[in-house]
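Please open the model in your viewer and keep a selection tool at hand.

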Amino acid sequence: MRTLERDVQASQRSIALIAEMIHTASLVHDDVIDDASSRRGKHTVNKIWGEKKAVLAGDLILSAASMALARIGNTTVISILTQVIEDLVRGEFLQLGSKENENERFAHYLEKTFKKTASLIANSCKAVSVLGCPDPVVHEIAYQYGKNVGIAFQLIDDVLDFTSCSDQMGKPTSADLKLGLATGPVLFACQQFPEMNAMIMRRFSLPGDVDRARQYVLQSDGVQQTTYLAQRYCHEAIREISKLRPSAERDALIQLSEIVLTRDK
């Protein structure tokens with residue numbers, strides 16, 4: 001029994017490794033798409049070695065992740081984690097588009113947020129639970145916990161783009177506006193300042209759009225509203241994980257969801 005337990009734990013650790021590799025590959029590819037020159041205070045792969053090598057480097061990391069996933073040998077887990085890769089690509093396509101209707105626009109933003117960020121965390125949590133427990137109820141709890149933490153994480157990231165300085169973030173702030181992206185703080189601010197609609201639809205492409213949009217956001221309660229929404233997602237994550245029996249691991253996951261809200265970079 002102990003040998004089996006060790007094997008399960010080794011496979012679960014492999015899921016963490018695979019998830020990090022998928023995440024890293026997606027960041028390398030993201031930096032190519034966004035033509036980004038810095039991340040976490042360091043030069044990006046494409047800045048140092050160029051776009052072609054960056055794309056190939058991302059592909060290589062993904063292929064290594066696929067090999068590690070195949071070695072686990074569990075078809076359910078393989079299916080769960082390949083869904084992450086599909087979601088990442090679909091999320092990137094969603095980011096390229098936008099909606100005219102305000103309600104559709106927010107739903108579009110949250111769907112993109114799930115696919116680009118939360119799917120990785122949700123499905124990684126689910127995969128680990130599948131390896132450790134046969135109960136589908138536990139698998140769903142793990143998935144919902146990861147989904148809610150993941151969305152909250154990205155909402156806070158979108159807030160920090162307006163509230164942190166470049167040194168803290170390790171990348172230029174207002175980066176999303178410069179890429180033409182309307183994130184949570186912008187969409188909430190637009191409810192108070194409807195004149196932002198035209199800027200959102202033209203993806204902040206005219207001279208002065210980025211600075212004006214930033215000022216509107218800071219004058220509005222967009223940052224507070226987005227933070228409040230992140231808190232709601234974190235509370236939902238805690239509610240889900242609290243369905244499991246008490247343990248040090250469960251407490252650590254609750255603490256993790258609280259750290260998501262308080263980070264400043």
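Predicted model: local features only at pLDDT ≥ 70, side-chain atom pairs only at ≥ 80, totals over all residues.

**The main nonpolar core**

Begin by selecting L155, L177, V186, M196, F204 and V217, the residues with the most contacts inside the largest nonpolar core, which has 41 residues. Two or more residues of this core come from each of helix 5 (102-132), helix 6, helix 9 (184-192), helix 10, helix 11 (209-219), helix 12 and helix 13. Helix 6 gives the most, with 11 residues.

Next, centre the view on V217. Beyond its neighbours within four places in sequence, V217 is in contact with F162, P185, V186, A189, M196, G222 and V223. A second, separate core of 17 residues can then be displayed by way of A65, V77, L81 and L131, which are among its members.

Now select helix 9, which is mostly covered: 7 of its 9 residues are buried. These are G184, P185, V186, L187, F188, A189 and C190. Colour the elements around them: the cover over the buried residues of helix 9 includes helix 5, helix 6, helix 8 (175-178), helix 10, helix 11 and helix 12.

Is L181 buried or exposed? Its relative accessibility is 11%, so L181 counts as buried. Apart from residues up to four places away in sequence, L181 touches Q95, D176, R203 and F204. A distance drawn from the C-alpha atom of L181 to that of M201 spans 9.8 Å, although these two residues are 20 residues apart along the chain.

Proceed to N197 in helix 10 (residues 196-201). N197 is buried, with a relative accessible area of 19%; the cut-off for this class is under 20%. Show side chains here: that of N197 makes a polar contact with the side chain of R105, at 2.8 Å. Leaving aside neighbours within four places in sequence, N197 is in contact with E102, R105 and C190.

**The cysteines**

C190, one of the contacts of N197, is itself buried, with a relative accessible area of 2%. Select C234 as well; its relative accessibility is 1%, and C234 therefore counts as buried. Which cysteine sulfur is closest to that of C234? It is the sulfur of C125, and because the separation is 13 Å, the two are too far apart for a bond. The count of disulfides comes to 0.

**Helix 13**

Finish at helix 13 (residues 248-262), which has 15 residues. From its first C-alpha to its last, helix 13 reaches 21 Å, close to the 21 Å expected at 1.5 Å a residue. Select R250, I254, S257 and V260, which are buried in this helix. Then turn the view to look down the axis: the buried residues of helix 13 fall within an arc of 110°, so they line one face of the helix. The face turned away from that buried side carries the exposed residues A248, E249 and T262. To see what lies over the buried residues of helix 13, display helix 6 (136-163) and helix 12 (222-241), which are included in their cover.

Definitions and conventions. Residues numbered from 1 in each chain as written. Heavy atoms only, no water. Helix = DSSP H or I, 4+ residues; strand = E, 2+ residues; numbered from the N terminus. Buried < 20%, exposed > 50% of the residue type's maximum accessible area, 1.4 Å probe, protein only. Polar contact = N/O pair within 3.5 Å; in protein donor to acceptor, adjacent residues only side chain to side chain. Contact = heavy atoms within 4.5 Å. Expected span 1.5 Å × (residues − 1). Arc of directions from axis to C-beta. Core = buried A, V, L, I, M, F, W, Y, C linked by side-chain atoms within 4.5 Å. Disulfide = S-S within 2.5 Å.
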